[in-house]
Amino acid sequence: VAALSLAKIDPKSAADCLIPLIPQRPQWSKSSTAAILAKLGRKNVTLPLINTIKTVAKNDLPRMIGFLPFADTAAASEAVAEILRQSSDIEIISACLKEIKSFADKSWISKVRPYLQHESWIVRVQAVNTLGDLADINSLDDFVAKLHDQNWWVRYRSAQAIINMPLITRSQTDNIISSLDDQFAKDILEQVMAEKKRGDVL
């Protein structure tokens, strides 16, 4: 409550004071912290948030990455790219991939695509989710390939990405199904098509 009040009174000074405290205050919920950052404004949040992310302990980094949507788009993009270059931690990579959709453009497709082959299914499924938001019909083959993934969630999210892809036609999806020789791949795509037809929330 005090932090939110300070953010209303003097956003610039509050940002410099409050943002470095976020890693030290795990009791601050994500929603309450987000409310503070929103009140501070993107202009005031960006620099102290990026600086805090650069110095924060590894265990606190995924949580701090989650607040990057409140920073300047270019700065957030640069910060995530740098983290991904340096980190091999599954949780950190997943946090980065999750937030990419809030600032990424088509140039990120080539950066995200390699994570489709990551050894962890947690990273692979997040990569599929992210590409589903970014990619166009030219990425169809990527999602078809992941229908064969050993993990159910990766297959399911890949099927969703295919069915929800802009400009995809029923003829194309039927052709994909007929080309699959993996029953698990066929089943998951047919399941998602049925969900889409019923109007289920995907």
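Q: In what order do the elements of the protein run from the N terminus on?
A: From the N terminus on, the order is α-α-α-α-α-α-α-α-α-α-α-α-α. That gives 13 helices and 0 strands. The model is predicted: local features need pLDDT of at least 70, side-chain atom pairs count only at pLDDT 80 or more, and totals for chains, interfaces and linings use all residues. Residues are numbered from 1 along each chain as its sequence is written, and side-chain values use heavy atoms, with hydrogens and water left out.

Q: What does the C-alpha trace of the protein span along its principal axes, and what percentage of the residues is buried?
A: The C-alpha trace spans about 60 × 35 × 30 Å along the principal axes. Buried means under 20% relative accessible area, exposed means over 50%, and partly exposed lies in between (1.4 Å probe, protein chains only). Of the 202 residues in the protein, 48% are buried. Contact means heavy atoms within 4.5 Å. Among contacts with a separation of 6 or more, 64% join residues 24 or more positions apart.

Q: Which residues of helix α2 are buried, and where do they fall around the axis?
A: An α-helix has 3.6 residues a turn, so residues three or four places apart point the same way. Helix α2 covers residues 11-18, and its buried residues are Ala14, Ala15 and Leu18. Seen down the axis, these fall within an arc of 105 degrees, so they line one face of α2. The arc is that of the directions from the helix axis to the C-beta atoms.

Q: What span should helix α9 have, and what covers its buried residues?
A: The expected span of a helix is 1.5 Å times one less than its number of residues. Helix α9 (residues 121-134) has 14 residues and should span 20 Å; its end C-alpha atoms are 20 Å apart, which agrees. Its buried residues include Val123, Val125, Ala127, Leu131 and Leu134, and also Arg124, Gln126 and Thr130. The cover over them includes α7 (90-100), α8 (109-112), α10 and α11 (152-163). At the start of α9, a side-chain oxygen of Ser120 comes to within 3.2 Å of the backbone nitrogen of Ile122.

Q: Which polar contact does the side chain of Thr52 make?
A: A polar contact is a pair of N or O atoms within 3.5 Å; within protein, one must be able to donate a hydrogen and the other to accept it, and residues adjacent in sequence count only if both atoms are side-chain atoms. Thr52 is in helix α4 (residues 42-55), and at 7% relative accessibility it counts as buried. A polar atom of the Thr52 side chain lies 2.7 Å from the backbone oxygen of Pro48. Apart from neighbours within four places in sequence, Thr52 is in contact with Ile19, Pro20, Pro23 and Met64.

Q: How many aromatic pairs does the structure hold?
A: A pair of aromatic rings is described by the distance of the centres and the angle of the planes. Rings of Phe, Tyr and Trp (its six-membered ring) pair if their centres lie within 6.5 Å; planes under 30 degrees apart count as stacked, over 60 as edge-to-face and the rest as tilted. The structure holds 4 aromatic pairs. One of them is Phe103 with Trp108, edge-to-face at 6.1 Å centre to centre and 70 degrees between the planes. Phe103, at 10% relative accessibility, counts as buried, and Trp108, at 2%, also counts as buried. The rings of Trp152 and Trp153 have centres 4.9 Å apart and planes at 85 degrees, so this pair is edge-to-face. Trp152 is partly exposed at 35% relative accessibility, and Trp153 is partly exposed at 39%. Ring pairs link Trp152, Trp153 and Tyr156 into a cluster.

Q: Which residue lies over the face of Trp108?
A: A charge sits over a ring if NZ of Lys or CZ of Arg is within 6 Å of the ring centre and within 35 degrees of the ring normal. Lys111 lies over the face of Trp108, 4.5 Å from the ring centre.

Q: What is phi of Leu167, and where is the residue placed?
A: Most residues other than glycine have a negative phi, and most peptide bonds are trans. Phi of Leu167 is near 75 degrees, a positive value in a residue other than glycine. Leu167 is in the loop between α11 and α12 (170-179), and at 75% relative accessibility it counts as exposed.

How values were computed
Helix = DSSP H or I, 4+ residues; strand = E, 2+ residues; numbered from the N terminus.
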